[in-house]
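Let's take a walk through this fold together, one piece at a time. Have your viewer open and follow along as we go.

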Amino acid sequence: MKNHDSLALVCEQCHTEVKIPSLEHKQRAVCPVCHHTLIAYKHNGTEKVLAFAFSALMFLLLSLPFNFLTFKASGQKHSIDLPSGITVLIEHDYLSLAIITSLATVLLPGAVLIGLIVLALAQLNNHKPFYLPRVFQLVKALLPWSMAEIFLVGTLVSLIKITELADVSIGMSFYAFIGFSAFTAISIAQFDTTRFALWLRQGEAPSPKPLSQAQANASIQRTWALLFTACLLYIPANVLPIMYTELFGQETPNTIIGGVISLWESGSYPVALIILIASVIVPVAKIIILAWLNYSVQRQKTNSQLLRVRYYRATEAIGRWSMIDVFVVAVLVALIQMGNTLSIYPGQAALAFCAVVFVTMIAAMTFDSRLIWQPWKKQQ
């Protein structure tokens with residue numbers, strides 16, 4: 001798609017209308033009020049999206065049939081590929097963990113890649129079938145729930161955790177999954193949703209959506225309800241064990257904080273800090289920040305608007321990374337199943353913590369950032 005001529009766009013975060021000149025290669029237009037990126041331009045951007053998304057899809061297919069990880073301990077060996085790892089979780093009655101892991105790491109990222117390929121091919125051929133807007137909306141909706149790169153980091157953390165227990169070797173599928181995660185991230189970064197929407201609407205910018213008092217009230221109430229739910233779920237997520245380790249018939253429960261402490265005492269300081277930040281600090285900080293933002297817009301505060309919108313973007317960006325600990329549990333449970341000799345099982349906190357992450361993500365989506373900038377209460 002060629003670069004656009006001068007156009008006017010309404011910022012989706014602060015509702016400011018901005019006139020944008022023609023952009024050169026690697027230039028982007030930023031809202032002068034809230035500093036939100038409105039649109040960007042890169043030469044052959046659509047071709048790059050197609051190439052990277054297709055490459056990522058090929059790496060995903062290559063990561064499925066081959067060996068992913070092999071665990072050796074006490075003369076026993078257990079190997080898994082990605083599908084068999086999910087099967088192990090199902091066979092041990094951990095269906096919820098299996099569904100969450102398979103959706104977030106394989107199925108939803110795969111759906112996003114297929115959607116990006118369909119959108120890129122349609123744009124290159126300048127063909128707009130009737131289903132294209134729905135595919136576009138579906139890709140945008142699935143992007144926050146595509147967590148292949150987070151699963152990869154969780155797998156690396158798992159390897160560090162279990163190297164003291166036994167020997168672990170990496171299979172071909174693991175390297176293919178690295179390629180899948182990397183190319184998925186690159187293809188998503190190359191895809192400009194605003195530019196595609198303009199092409200889909202034949203260069204016509206979407207009309208501004210006024211913020212009504214009913215919409216504002218609904219956003220504030222839903223956000224409070226979700227944050228209250230997250231606070232309730234956070235208690236069992238930290239008090240109850242997130243996994244159990246059975247070694248020679250003796251079962252040891254492990255909480256999130258307990259895992260951080262054991263990693264620190266064993267000298268794995270970087271991993272301990274990653275788990276502490278992702279599983280303890282980030283969820284608490286996200287709840288506090290969203291509560292502060294929701295309170296400020298409910299009271300119609302007009303100060304520190306730019307600071308508040310920066311905090312809001314930070315919560316959107318980092319909240320999903322708290323899933324690292326859930327994926328660590330999923331990998332360990334799937335890999336380490338050797339009966340009474342050595343086995344790992346998920347605890348009640350795993351699903352509770354997963355629910356905390358999902359509920360806070362939805363709370364951030366529910367919060368309407370336009371409330372930071374616009375008065376919404378009718379004057380008496």
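A word on the ground rules comes first. This is a predicted model, where local features need pLDDT of at least 70, side-chain atom pairs count only at pLDDT 80 or more, and totals for chains, interfaces and linings use all residues. Residues are numbered from 1 along each chain as its sequence is written, and side-chain values use heavy atoms, with hydrogens and water left out. Helices (H or I, at least four residues) and strands (E, at least two) are DSSP runs, numbered from the N terminus.

Let's begin with an open sheet of 3 strands, in the order β9-β8-β10 and with antiparallel pairing. Its edge strands are β9 and β10, each pairing on one side only. Neighbouring strands here are turned by 20 degrees against each other on average, direction ignored. Two strands count as paired if DSSP finds at least two bridges between them. Helix α12 (residues 324-335) packs on this sheet and touches β8 and β10, and its direction makes about 140 degrees with that of β10. Axes such as these are lines fitted to C-alpha atoms, for helices over the stretch in contact, and angles run from 0 to 180 degrees between N-to-C directions.

How is strand β8 (residues 243-247) placed relative to the rest of the structure? It is largely enclosed, because 4 of its 5 residues are buried; buried means under 20% relative accessible area, exposed over 50%, and partly exposed in between, with a 1.4 Å probe and protein chains only. On one flank, 5 bridges join β8 to the antiparallel strand β9 (residues 250-254). Across this pairing, Y244 stands opposite P253, and E246 stands opposite E251. The hairpin of β8 and β9 has 2 residues between the strands, and F248 takes a positive phi near 50 degrees in it. Strand β10 (residues 342-346) is also antiparallel to β8 and is joined to it by 5 bridges, with T245 opposite I344.

A second open sheet of 3 strands has the order β6-β5-β7, again with antiparallel pairing. Here the edges are β6 (76-80) and β7 (167-170), each of which pairs on one side only. The twist averages 15 degrees from one strand to the next. Strand β5 (residues 69-73) pairs with β6 over 5 bridges in the antiparallel sense, and T70 stands opposite S79 in β6.

Now for the helices. The buried residues of α8 include A216, I220, T223, L227 and Y234. An α-helix has 3.6 residues a turn, so residues three or four places apart point the same way. The buried residues of α8 pack against α9 (256-265), α10 (269-298) and α13 (348-366), where contact means heavy atoms within 4.5 Å.

Two packed helices are described by the angle between their axes and the distance between the axes. For α8 and α13, the axes come within 8 Å and cross at roughly 160 degrees. That makes the two helices roughly antiparallel; angles under 35 degrees count as roughly parallel, over 145 as roughly antiparallel, 65 to 115 as roughly perpendicular and the rest as oblique. Their crossing is left-handed, meaning that the near helix is turned anticlockwise from the far one by less than a right angle, whereas clockwise would be right-handed. Among the residues that meet here are L226, L233 and Y234 in α8 and F353, V356 and V359 in α13.

Another pair to look at is α1 (residues 45-62) and α6 (residues 172-190), whose axes come within 8 Å and cross at roughly 155 degrees. These helices are therefore roughly antiparallel to each other, and their crossing is left-handed. The residues that meet include F52, A56 and F59 in α1, and F180, F183 and I186 in α6.

Our last stop is G110, in helix α3 (residues 95-124). This glycine is buried, with a relative accessible area of 7%. Leaving aside its neighbours within four places in sequence, G110 is in contact with L57 and L60. By contrast, the C-alpha atoms of G110 and P32, 78 residues apart along the chain, are separated by 36 Å.
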